[in-house]
Amino acid sequence: MIYVFSFYGFLSLVTFCFYGVDKSAAKRGKQRVPESTLHWLSLFGGWLGAMLGQKVFRHKTKKRRFLVVFWLTFLINISVTGYGLYYFSLS
């Protein structure tokens, strides 16, 4: 179980950094991080870092389509993780 939390923590940190890099690139007019990359990171466990990145950097908070996909990745991730933890705790 500690591995699951470590994985989430690491991927959240990586995702948070990606949001910071993307916000910085947006301000400077440089090449941006693709939205699909941000969504994949969220889906695979970086959703907490994505939430924090959105709040701290005030980034990707107004694009409705992006937010809908983000919240879907959040729900899918929580559902799969919850099921996995429940299933493996019964074994």
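The legends below describe several close-up views of one predicted model.

In this predicted model, local features need pLDDT of at least 70 and side-chain atom pairs count only at pLDDT 80 or more, while totals for chains, interfaces and linings use all residues. Residues are numbered from 1 along each chain as its sequence is written, and side-chain values use heavy atoms, with hydrogens and water left out.

**View 1. A salt bridge joins Asp22 and Arg32.** A search of the whole structure finds three salt bridges, a salt bridge being a side-chain nitrogen of Lys or Arg within 4 Å of a carboxyl oxygen of Asp or Glu. In the pair formed by Asp22 and Arg32, the closest N and O atoms are 2.9 Å apart. This pair links distant parts of the chain, with Asp22 in helix α1 (residues 2-28) and Arg32, 10 residues apart from it, in the loop between α1 and α2 (35-57); helices (H or I, at least four residues) and strands (E, at least two) are DSSP runs, numbered from the N terminus. Asp22 is buried, with a relative accessible area of 0%, whereas Arg32 is partly exposed at 38% relative accessibility (buried means under 20% relative accessible area, exposed over 50%, and partly exposed in between, with a 1.4 Å probe and protein chains only).

View 2. The side chains of Glu35 and Lys60 meet in a salt bridge of 3.0 Å, N to O, which links Glu35 in helix α2 with Lys60 in the loop between α2 and α3 (64-90), 25 residues apart. Glu35 also meets Lys63 in a salt bridge, here at 2.5 Å, N to O, and Lys63 lies in the loop between α2 and α3, 28 residues apart from Glu35. Lys60 counts as buried at 10% relative accessibility, while Lys63, at 43%, counts as partly exposed.

**View 3. Helices α2 and α3 are roughly perpendicular to each other.** Their axes come within 9 Å and cross at roughly 90°; axes are lines fitted to C-alpha atoms, for helices over the stretch in contact, and angles run from 0 to 180 degrees between N-to-C directions. Angles under 35 degrees count as roughly parallel, over 145 as roughly antiparallel, 65 to 115 as roughly perpendicular and the rest as oblique. The contact residues divide into 14 nonpolar, six polar and one charged, where Ala, Val, Leu, Ile, Met, Phe, Trp, Tyr, Cys and Pro count as nonpolar, Asp, Glu, Lys and Arg as charged, and the others, Gly among them, as polar.

**View 4. Thr15 lies in helix α1.** At 0% relative accessibility Thr15 counts as buried, and, not counting residues up to four places away in sequence, Thr15 touches Leu41, Gly46, Gly49 and Ala50.

**View 5. Gly29 has its place in the loop between α1 and α2.** Gly29 counts as exposed at 66% relative accessibility. Gly29 and Ile76 are 47 residues apart in sequence, and their C-alpha atoms are 33 Å apart in space.

Conventions
Contact means heavy atoms within 4.5 Å.
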